[in-house]
Amino acid sequence: MRRMQEGTHGVFRASVYGKKWTSMKQSGKRTALLAGVFGVLLLASGCGKAQIGYIDPHRVEETPQIKSLDDEMKEKLKEMQTQAENDLKAKEVQGAKPEDLMQQKQQAVVKMRQLGSSYDQQKLLKVQTAVGEIARTKKLDAVVYNAEEQKLIRLGGVDITDDVLNALQ
């Protein structure tokens, strides 16, 4: 009888945990994670005296420095796409196998994704550097993205968006 209880308990626990995490939506996980991070920050800073800053990511995306990176990325992607199309046409004329053509298309897509990812990392690094410097000077414990569609901070906090915009120019 004891074996049966242990066996069913183990199955029950595994199935409950499995269902719990698979049924939770991504936004729910993100919200729970953010709530946990804020709780830890508040406890670590001593009786809820944490200084939290926020930025509007949409306004940051409109800065000339970020826009120039976006424009450069779009140009390079367009060049890569044109080059890939020309290469595919040349291989078709040569009578390449459909499998080879498909493989070449996939390689071109991978290269374009890598290029896009590289530019995204450059943009993120620029923004993070500016935010980090401003957070240190203003002695902020945390800085969050506070987009209009999904506000994390509704009351209080320090808006450092203008400072980030000035730092990125």
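Two strands pair if DSSP finds at least two bridges between them. Helices (H or I, at least four residues) and strands (E, at least two) are DSSP runs, numbered from the N terminus.

## Model and confidence

This is a predicted model, in which local features need pLDDT of at least 70 and side-chain atom pairs count only at pLDDT 80 or more, while totals for chains, interfaces and linings use all residues. Residues are numbered from 1 along each chain as its sequence is written, and side-chain values use heavy atoms, with hydrogens and water left out.

The average pLDDT (the predictor's confidence in each residue, from 0 to 100) is 77 for the protein, and 69% of the residues score at least 70. Over residues 1-25 pLDDT stays under 50, and the model has 2 contacts (heavy atoms within 4.5 Å) beyond four places in sequence for them.

## The sheet

An open sheet is formed by 3 strands in the order E2-E1-E3, with parallel pairing. Strand E2 (142-145) and strand E3 (158-159) are the edge strands, each pairing on one side only. Helix H5 packs on this sheet and touches E1 and E2; its direction makes about 140° with that of E2 (angles run from 0 to 180 degrees between N-to-C directions, with axes fitted to C-alpha atoms, for helices over the stretch in contact).

Strand E1 (residues 52-55) pairs with E3 in the parallel sense over 2 bridges. Opposite Val 158 in E3 stands Gly 53.

## Helices H4 and H5

Helix H4 (64-94) and helix H5 (98-138) each supply at least two residues of the lining of the largest pocket. H5 gives the largest share of that lining, 5 residues.
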